[in-house]
Amino acid sequence: TTQELEKNFQDKVDAEVRIEPRDWMPGKYRQTLIRQISQHAHSEIVGMLPEGNWISRAPSLKRKQILIAKVQDEAGHGLYLYSAAETLGITRDEMIEQLHSGKAKYSSIFNYPTITWADMGAIGWLVDGAAIMNQVPLCRTSYGPYSRAMIRVCKEESFHQRQGFESLLVLSNGTPEQRAMVQDAIDRWWWPSIMMFGPHDAESTNTEASMKWKIKRFSNDELRQRFVDMIAEQVKLLDMTLPDPELKWNEARGHYDFGKINWEEFWNVVSGNGPCNKQRLDARRKAWEEGAWVREAAKAHAEKRVLREKQ
Ligand code: ACO
């Protein structure tokens, strides 16, 4: 019966046995994984845009090589994640259609503009830093293909974070203008970065089920707190500050207290009205349309090969 199947499934999850594509799973588990993995894939793909914006303007050959490599890594992450989601019975075309029609979400963070070179460092340090905090526990997520994809993603992501911090460290030892550029980038990226972890636990509609199924191992607020604690220390090494007057070490809690998040801004961005939402989706749709000939050529080539093998 379904009840027995569900119990059997939960027992496996509780015993830390990974769920594989051919195993029985509750419909809602499948749906929530498709939702999360596809949104994660879309975030990697859309995430190439804000940084791609600076490839042609990187200040040195070395920085340009690093930035190109990083943006390529993100394309790779998107592709592994689309493949992981496909094992659950959705096609890549369906997922891409959901992104282009605005039905599928992707991370709020990629709807902010990258206006100075220091934004590349701030994205590496803060945005990729937040991504790792959220993604390292996903290496132990209950669904096998997702957990395995996350291992490689996290290795690359930790390189991204270090290169971002190193880039800001160099600038922070530079001229007064360079130091001001770093502080300005931190001021603009800080709050959007801590919004990446999602709504507070009380407002997080998916957390309870996802924790029970061990898709998520920690709640949004737990991960956000760890991130704040880490960055509040690292920012001192840059001799910069975070734009939060309420940020303060709380001895009793053993954590940093921090100010109120502007949830109105968050939901505004999530619902499609952030500073760059339209620009990002337009860029993805344009790339899809202009890449049609590549997909057609690849298909024609594959068909020819099949014919040739038959002869
Ligand atoms: N941006 C856009 N939407 C968000 C964000 C965000 N930063 N945070 C939460 N949401 C959405 C959720 O997708 C959910 O909407 P949905 O039910 O329509 O999907 C709604 O807000 C409520 O949030 P939760 O119930 O807390 O959603 P969930 O349990 O999925 O937790 C989280 C959100 C933490 C982002 C989770 O999906 C996750 O860990 N995803 C994998 C990591 C990921 O996607 N990272 C992307 C950015 S990092 C990068 O790509 C470099």
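**Why these words fit this chain**

Trainee: Why is arginine 92 called partly exposed?

Mentor: In this predicted model, arginine 92 has a relative accessible area of 25%. Buried means under 20% and exposed over 50%, so 25% falls in between and arginine 92 counts as partly exposed.

Trainee: Where does arginine 92 sit, and which residues does arginine 92 touch?

Mentor: Its place is in helix α5, residues 92-100. Leaving aside residues up to four places away in sequence, arginine 92 touches Leu79, Tyr82, Ser83 and Glu86. Each of these counts as a contact because heavy atoms lie within 4.5 Å.

Trainee: Happy with that! What makes the radius of gyration of the protein chain agree with a compact globule?

Mentor: For 311 residues, a compact globule would have a radius of gyration near 19 Å. The protein chain has 21 Å, which agrees. Along the principal axes, the C-alpha atoms fill a box of roughly 70 × 50 × 30 Å. As for burial, 48% of the 311 residues count as buried.

Trainee: How many helices and strands does the protein chain have?

Mentor: There are 13 helices and two strands. Among contacts with a separation of 6 or more, residues 24 or more positions apart account for 76%.

Trainee: What makes the largest nonpolar core a core, and which residues have the most contacts inside it?

Mentor: A nonpolar core is a set of buried nonpolar residues joined through side-chain atoms within 4.5 Å. The largest one here has 46 residues, and those with the most contacts inside it are Trp125, Trp189, Trp190 and Phe227. Helices α6 (118-135), α7 (144-172), α8 (176-195), α10 (220-237) and α11 (263-273) each supply at least two residues of this core. The most comes from α6, with nine residues. Apart from this core lies another, of 29 residues, including Val71, Ala84, Leu88 and Tyr143.

Trainee: Why might one look for such groups at all?

Mentor: In soluble globular proteins, nonpolar side chains tend to be buried together.

Trainee: Which residues does phenylalanine 227 touch?

Mentor: Not counting residues up to four places away in sequence, phenylalanine 227 touches Leu126, Gly129, Ala130, Met133, Trp190, Ser193, Ile194 and Phe197.

Trainee: How far apart are arginine 92 and phenylalanine 227?

Mentor: In sequence, 135 residues separate arginine 92 and phenylalanine 227, and in space they are 32 Å apart, C-alpha to C-alpha.

Trainee: And how far apart are the mean positions of the positive and negative charges?

Mentor: The protein chain carries 43 positive and 43 negative charges, with mean positions 5 Å apart.

Conventions:
Residues numbered from 1 in each chain as written. Predicted model: local features only at pLDDT ≥ 70, side-chain atom pairs only at ≥ 80, totals over all residues. Heavy atoms only, no water. Helix = DSSP H or I, 4+ residues; strand = E, 2+ residues; numbered from the N terminus. Rg over C-alpha atoms; globule rule 2.2 N^0.38 Å. Buried < 20%, exposed > 50% of the residue type's maximum accessible area, 1.4 Å probe, protein only. Lys, Arg positive; Asp, Glu negative; His and termini not counted. Charge placed at Lys NZ, Arg CZ, Asp CG, Glu CD.
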